[in-house]
Amino acid sequence: MDAAYVFRVRFRLDAETGVRTDPRTFETVVEVTADDPGEGEWLFFRDALWRGEVNDERYARELAEEWLSVPVDAVTFRELRADEAYMDALRTEIEADPTPFNADSARETLHKYLGSSIRVTND
């Protein structure tokens, strides 16, 4: 199984006094490995996303600053990129108990939190 949350992150360099950088801000794509369904932080999508977007901009920036160790100005969610095995396992785990998602099914849950931002790969 393979899956990653993909974000677009704009960060800046805070140089020492007397040192300038040009440009000062940069954008990059950040891929965060998704934990296997039922393991570790597998509920990341529920806690950080809503309808395919970050649900709390400040929290998303704090996370990205931890990931990158630089000041972050903006974070946007792009997609959950996952293989079919991961998606099957995710649906199965959600269907086992959809109540933490305030939903009736895996389909409703995935739409609620990820919107149309899921890309299934053939890897």
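Let me start in a loop: Ser117 sits between α4 and β6. This is a predicted model, so everything I say is computed from predicted coordinates. What does Ser117 touch, leaving aside its neighbours within four places in sequence? The contacts are Gly52, Phe77, Arg78, Glu79 and Leu80.

Now the overall layout. The protein has four helices and six strands, and from the N terminus they run β-β-α-β-β-α-β-α-α-β. The C-alpha trace spans about 60 × 30 × 25 Å along its principal axes. Of the 123 residues, 37% count as buried. If you take contacts between residues at least 6 apart in sequence, 64% of them join residues at least 24 apart.

Back to α4, residues 106-114. Which of its residues are buried? They are Ala106, Thr109, Leu110, Lys112, Tyr113 and Leu114. These residues cover an arc of only 165 degrees around the axis, so they are on the same side of α4. After α4 comes Gly115, with a positive phi near 55 degrees.

Beyond its neighbours within four places in sequence, Thr109 is in contact with Phe45, Ile94, Phe101 and Ala103. For a distance along the chain, take Glu41: it is 68 residues away from Thr109, and the two C-alpha atoms are separated by 17 Å.

Next, how α3 meets α4. The two helices pack at an angle of about 110 degrees, with their axes 9 Å apart. That angle falls within the range of 65 to 115 degrees, so α3 and α4 are roughly perpendicular to each other. On the α3 side, the contact is made by Met87, Leu90, Arg91, Ile94 and Glu95; on the α4 side, by Ala106, Arg107, Thr109 and Leu110. Sorted by type, the residues of this contact are five nonpolar, one polar and three charged.

In soluble globular proteins, nonpolar side chains tend to be buried together. Here the largest nonpolar core has 32 residues, and those with the most contacts inside it are Tyr5, Phe7, Phe45, Leu49, Leu80 and Leu90. Two or more residues each come from β1 (3-12), β2 (25-33), α1, α2 (57-68), β5, α3 and α4.

Leaving aside neighbours within four places in sequence, Leu49 is in contact with Tyr5, Phe7, Phe44, Val54, Asn55, Phe77, Tyr113 and Leu114. Tyr113 and Leu114 are among the buried residues of α4.

Last, strand β6, where we find Thr121. Its relative accessibility is 11%, so Thr121 counts as buried. Setting aside neighbours within four places in sequence, Thr121 is in contact with Arg81, Ala82, Asp83 and Glu84.

How values were computed. Residues numbered from 1 in each chain as written. Predicted model: local features only at pLDDT ≥ 70, side-chain atom pairs only at ≥ 80, totals over all residues. Heavy atoms only, no water. Buried < 20%, exposed > 50% of the residue type's maximum accessible area, 1.4 Å probe, protein only. Arc of directions from axis to C-beta. Core = buried A, V, L, I, M, F, W, Y, C linked by side-chain atoms within 4.5 Å. Contact = heavy atoms within 4.5 Å. Axes fitted to C-alpha atoms, helices over the stretch in contact; angles between N-to-C directions. Parallel < 35°, antiparallel > 145°, perpendicular 65-115°, else oblique. Nonpolar A, V, L, I, M, F, W, Y, C, P; charged D, E, K, R; others polar.
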